[in-house]
Amino acid sequence: MAKTTNVYARVEPDVKAQAEDVLNELGIPMSNAISMFLRQITLTRSIPFELKLPTPKPVALEALSGKEMKVELQKGLDDIAAGRVYPMEEVHAELKAEFGI
């Protein structure tokens, strides 16, 4: 058996519990999953998944203050003036694809 060493990490209890539930369904012990993650970092010389910020969701108009509403409306007017416009069908398709709307 290969030598092993300990890795200590602090994680939120609910995140750990949720991950353990998934790993149990897959039949993979937590220590094996962590080892797999570290091996993938070594093999790919990168984080083995895409890191990106989530796509922002549209803001509810009721959540905006009067000042924030004016700023958002001005952004829209500036876009129109600059010719940054899209056909309605394209906007609907993108909203449906990204947000299920």
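## Salt bridges

R84 is partly exposed, with a relative accessible area of 47%; this class lies between buried (under 20%) and exposed (over 50%), for a 1.4 Å probe and protein chains only. R84 forms a salt bridge with D79, the closest N and O atoms being 2.7 Å apart. The term denotes a side-chain nitrogen of Lys or Arg within 4 Å of a carboxyl oxygen of Asp or Glu. D79 counts as partly exposed, at 30% relative accessibility. The model is a predicted one, in which local features need pLDDT of at least 70 and side-chain atom pairs count only at pLDDT 80 or more, while totals for chains, interfaces and linings use all residues. Residues are numbered from 1 along each chain as its sequence is written, and side-chain values use heavy atoms, with hydrogens and water left out.

The salt bridge count comes to three. In helix α3, K75 and E72 lie three residues apart, about one turn of the helix, and their side chains meet in a salt bridge with an N to O distance of 3.1 Å. K75 is partly exposed at 44% relative accessibility, and E72 is partly exposed at 38%. E20 forms a salt bridge with K16, for which the closest N and O atoms are 3.1 Å apart. Because E20 and K16 are four residues apart in helix α1, about one helical turn separates them. E20 is partly exposed at 29% relative accessibility, as is K16 at 39%.

## Secondary structure

The protein chain has four helices and zero strands, in the sequence pattern α-α-α-α. Both element types are DSSP runs numbered from the N terminus, with helices (H or I) of at least four residues and strands (E) of at least two.

Helix α1 covers residues 13-26, a total of 14 residues. From its first C-alpha to its last, α1 reaches 20 Å, close to the 20 Å expected at 1.5 Å a residue; the expected span is 1.5 Å times one less than the number of residues. Just after α1, G27 adopts a positive phi of about 75 degrees.

## The loop between α2 and α3

R45 is placed in the loop between α2 and α3 (66-81). Its phi is near 55 degrees, a positive value in a residue other than glycine. Most residues other than glycine have a negative phi. R45 counts as exposed, at 76% relative accessibility.

K57 is also found in the loop between α2 and α3, and is exposed with a relative accessible area of 61%. K57 and M88 are 31 residues apart in sequence, and their C-alpha atoms are 18 Å apart in space.

## Overall dimensions and surface

The radius of gyration, taken over C-alpha atoms, is 23 Å for the protein chain, whereas a compact globule of 101 residues would have a value near 13 Å. The globule rule is 2.2 Å times the number of residues to the power 0.38. Along its principal axes, the C-alpha trace spans about 70 × 30 × 25 Å. Buried residues make up 2% of the 101 residues.

The chain exposes about 9,700 Å², of which carbon and sulfur atoms supply 60%; accessible areas come from the Shrake-Rupley method with a 1.4 Å probe, and for residues only the protein chains shown count as cover. V7, I34, F37, L38, I47, F49 and L51 make a nonpolar surface patch of about 650 Å². Patches are made of residues with over 30% relative accessible area and no salt bridge; like charges are joined within 9 Å and nonpolar side chains (Val, Leu, Ile, Met, Phe, Trp, Tyr) within 5 Å. One of the patch residues, L38, is found in helix α2 (residues 30-44) and counts as partly exposed at 40% relative accessibility.
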